[in-house]
Amino acid sequence: MSSDSSKKRKPKVIRTDGGPQEVKRSRPDADQDARYYSEEAEVDLRDPNKDYELYKQTCQDLQKLMAEIQELKSKGNKDSAAEIEERRIQSCVHFMTLKKLNRLAHIRLKKGRDQTHEAKQKVDAYHLQLQNLLYEVMHLQKEITKCLEFKSKHEEIELVSIKEFYEEAPPEISKPEITTSDPHQQTLSRLDWELEQRKRLAEKYKECLANKEKILKEIEVKKEYLSNLQPRLNSIMQASLPVQEYLSMPFDQVHKQYETARHLPPPLYVLFVQASAYGQACDKKLAVAIEGNVEEAKALCRPPEDSQDDESDSDAEEEQTTKRRRPTLGVQLDDKRKEMLKRHPLSVTIDLKCKDGSMLLLTFYYLMNLNVVTVKAKVTAAAEMTMPISAGDLLSPDSLLSCLYPGDHGKRTPNPANQFQFDKVGILTLSDYVTELGHPYVWVQKLGGLHFPKDQPQLVVADSSLSASHMERTMKLLKMRLESRLALHKQFASLEHGILPVSSECQHLFPAKIVSRLVKWIALTYEDYLELSYTKDVVEAGLAEDTHLYYMALIERGTAKLQAAVVLNPGYSSMPPIFSLCLNWKGEKTNSNDDNIRSMESEVNVYYKELCGPKPGYQLLTNQLQRLCVVLDVYLETETHDNSVEGPKEFPQEKMCLRLVRGPSRLKPFRYNYPQGFFSHR
């Protein structure tokens with residue numbers, strides 16, 4: 001039973017734990033008798049261990065009584081009813097004892113809970129006090145830290161040194177008799193001296209401001225005078241334009257060009273200045289100009305904040321329209337490539353004029369992100385020229401300026417840092433974009449003052465001295481290249497019709513009568529040249545590259561056909577053409593199986609200086625082909641006749657030779673002696 005039910009019951013008085021029950025007494029009898037019975041008070045007097053032993057003993061006795069009652073009932077004797085009743089009464093007494101022990105246990109449990117609750121409340125109170133104390137300790141520590149870290153304003157002031165303080169400060173401020181021994185007073189005195197100095201500087205600042213206002217007023221007066229003077233100067237300049245045109249002194253145009261040049265990137269500016277200086281000093285026909293959109297160039301020079309303010313509204317509109325559209329990876333890469341290869345809005349053009357009136361137009365561009373300069377070329381002839389089929393690559397922009405300096409093909413960027421930039425946007429090589437952007441030749445970088453050292457990469461800045469040191473030689477090479485290509489262009493027009501245009505100055509190099517004739521002149525590709533069996537020696541020697549031009553000449557006389565594969569170096573005529581020969585007559589004869597074919601190749605490849613003619617030697621190719629016709633005549637006419645064949649000799653000897661053959665290799669006399677007109681061995 002619970003403790004609540006025990007409280008509702010009337011107290012009972014028992015004499016002993018195991019004895020018979022006492023008779024219940026009424027409240028008045030109890031008051032008269034003595035004291036009330038209270039189980040709560042009895043709990044404090046009883047030992048819980050003894051109650052536990054009593055509980056076990058009572059349970060055993062109860063089990064024993066129940067067993068006896070069961071045994072008596074099983075016998076079925078009528079005389080055992082009294083014994084069963086007696087044992088039932090004893091069992092009821094034991095049940096009463098168990099109930100009492102149960103009540104005492106519940107009372108003990110309630111008291112234990114109450115004691116535990118009281119102890120827990122004490123612990124909580126102590127814990128709260130501990131937390132309050134810890135918080136106070138933390139607060140005090142913070143206050144101590146603030147006090148330790150406190151910095152006075154005077155610590156931020158840079159005071160003069162102590163030595164200067166005692167030397168400059170007056171005695172009424174420095175007080176050396178007090179401050180030398182007291183650091184606090186010394187600091188206060190130094191602060192007083194600092195205040196005094198600042199007051200003096202403030203007065204001086206006011207005086208400077210007054211002088212500044214006075215000077216600004218004078219500047220405004222002079223500005224007003226200059227603004228009134230500008231219209232007068234403009235009218236004077238406008239009136240002097242006819243005089244400038246008459247005297248060929250376009251000062252106004254030059255002034256505008258130099259105003260535009262201020263917006264050029266540094267490499268193009270260096271190129272413009274140096275080319276203009278070279279034109280004024282060495283070549284009056286050289287024309288230098290600036291083309292492009294000046295407003296876009298000015299926009300590039302503005303700070304980014306200005307452009308952001310101007311475009312804020314448009315950006316907001318674009319953000320709404322493009323919010324749902326995300327560009328694909330391919331589109332993003334294309335945009336990055338375009339941004340990487342972006343050119344400056346302004347470009348520099350140089351017009352090189354030759355003596356015959358032909359002109360080479362060079363347009364220089366600057367790639368801002370790659371920091372390289374590119375060039376595009378265009379040729380304008382003095383008169384209309386027929387375009388030979390074989391001369392297609394002579395004046396093309398890709399080959400016209402190639403190898404102006406040895407090894408400078410213009411297919412790769414000279415800046416080593418560009419390769420890392422290309423890897424980020426997926427560009428393999430710049431050669432895929434040179435048609436649109438122009439060729440980044442090394443000599444173009446030097447004209448712009450740019451030099452990219454390979455061993456020590458560093459920040460590259462445009463150097464005007466580098467441009468000046470290369471300007472004169474490069475301009476001469478460009479003129480020579482244009483003149484040589486135009487001369488080749490004219491020669492090719494005749495060669496395709498089987499005509500060898502030998503000039504009058506070179507007629508003495510050849511005999512009067514030449515029977516062999518040129519019947520074919522065509523252009524070859526680099527791959528076709530490599531497939532020829534008799535050109536392997538030239539290819540293995542490294543004299544044939546993909547930047548060279550390749551041609552095939554066919555010379556005939558009767559049944560003999562001489563094929564000549566020609567390698568034309570871009571540096572013609574300073575670099576001579578190289579001939580590889582194959583004679584189809586009585587079999588196929590090349591330099592590998594016929595010593596005379598090798599000697600014929602030597603006549604045009606080794607002794608080419610005899611065929612250059614008057615400087616600059618642009619007729620070398622025609623003279624070499626004419627020499628091949630001559631040596632073919634000599635080869636065929638000096639060949640021994642087969643007596644077993646009836647009829648006249650196919651190639652009768654018409655050339656005068658001192659000796660037909662010489663030595664064990666039976667070499668023929670290919671050298672022509674002028675003016676005697678005979679052929680001899682070398």
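Trp585 is buried, with a relative accessible area of 7%, where buried means under 20%, exposed over 50% and partly exposed in between (1.4 Å probe, protein chains only). Phe651 is likewise buried, at 4% relative accessibility. The model is predicted, so local features need pLDDT of at least 70 and side-chain atom pairs count only at pLDDT 80 or more, while totals for chains, interfaces and linings use all residues. Residues are numbered from 1 along each chain as its sequence is written, and side-chain values use heavy atoms, with hydrogens and water left out.

**Aromatic pairs**
- Rings of Phe, Tyr and Trp (its six-membered ring) pair if their centres lie within 6.5 Å; planes under 30 degrees apart count as stacked, over 60 as edge-to-face and the rest as tilted.
- The count by this rule is 10 aromatic pairs.
- Among them is the edge-to-face pair of Trp585 and Phe651, at 5.5 Å centre to centre with 70° between the planes.
- Trp585 lies in the loop between strand E8 (578-584) and strand E9 (588-590), and Phe651 in the loop between helix H25 (620-637) and strand E10 (671-673), so the pair ties together parts 66 residues apart in sequence.
- Helices (H or I, at least four residues) and strands (E, at least two) are DSSP runs, numbered from the N terminus.
- One aromatic cluster is formed by Phe492, Trp521 and Tyr551.

**Charges over rings**
- A charge sits over a ring if NZ of Lys or CZ of Arg is within 6 Å of the ring centre and within 35 degrees of the ring normal.
- Arg343 lies over the face of Tyr365, 4.1 Å from the ring centre.
- Lys668 lies over the face of Tyr635, 5.3 Å from the ring centre.
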